[in-house]
Amino acid sequence: MQNYNYKYTVKDKITGETLFSNINDLSKIGILRNNDFFQYIATEAEMQRLGECKLANEDYICIVRLGNRRRVV
């Protein structure tokens, strides 16, 4: 399930370890996808209600970026 133009980075909140980096499909996070936190993020993404943000719960941090940004130099 690709979530539009979003890119996700998922980190363990306690260790700071990056579990997934710049993925565009939340189904790639495997069993974590069943977690209520990630189900919420997926639902918001499907409805295109996410902007660039950092979301966190007690276990994980999810950084959401927009995938099709153009950089101006």
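I began with the contacts of aspartate 12: leaving aside neighbours within four places in sequence, it touches Glu17, Leu19, Asp59 and Tyr60. I note here that the model is a predicted one.

I then looked up where aspartate 12 sits, and found it in strand E1. Is aspartate 12 buried or exposed? It is buried, yet it has no salt bridge. I searched for the nearest side chain of opposite charge; that is lysine 13, 9.8 Å away. I did find a polar atom of the aspartate 12 side chain 2.8 Å from the backbone nitrogen of isoleucine 14.

Next I turned to the sheet. In what order do the four strands lie? I read the order as E2-E1-E4-E3, in an open sheet with antiparallel pairing. At the edges I have strand E2 (18-23) and strand E3 (53-56), each of which pairs on one side only. For the angle between neighbouring strands of this sheet I noted 15° on average, with direction ignored.

I went through two of the pairings. E1 and E4 run antiparallel and are joined by seven bridges. Within this part of the sheet I located lysine 7, which stands opposite arginine 65 in E4. E3 pairs with strand E4 (residues 60-66), also in the antiparallel sense, over four bridges. There I found alanine 56 opposite isoleucine 61 in E4.

Helix H1 (residues 36-46) does, and I list its contacts as strand E1 (6-12), E3 and E4. The direction of H1 makes about 15° with that of E4.

Last, I asked how many residues of E4 are buried. I have five of the seven, so E4 is largely enclosed by the rest of the structure.

Terms used:
Residues numbered from 1 in each chain as written. Predicted model: local features only at pLDDT ≥ 70, side-chain atom pairs only at ≥ 80, totals over all residues. Heavy atoms only, no water. Pairing = 2+ DSSP bridges. Helix = DSSP H or I, 4+ residues; strand = E, 2+ residues; numbered from the N terminus. Axes fitted to C-alpha atoms, helices over the stretch in contact; angles between N-to-C directions. Contact = heavy atoms within 4.5 Å. Buried < 20%, exposed > 50% of the residue type's maximum accessible area, 1.4 Å probe, protein only. Lys, Arg positive; Asp, Glu negative; His and termini not counted. Salt bridge = Lys/Arg side-chain N within 4 Å of Asp/Glu carboxyl O. Polar contact = N/O pair within 3.5 Å; in protein donor to acceptor, adjacent residues only side chain to side chain.
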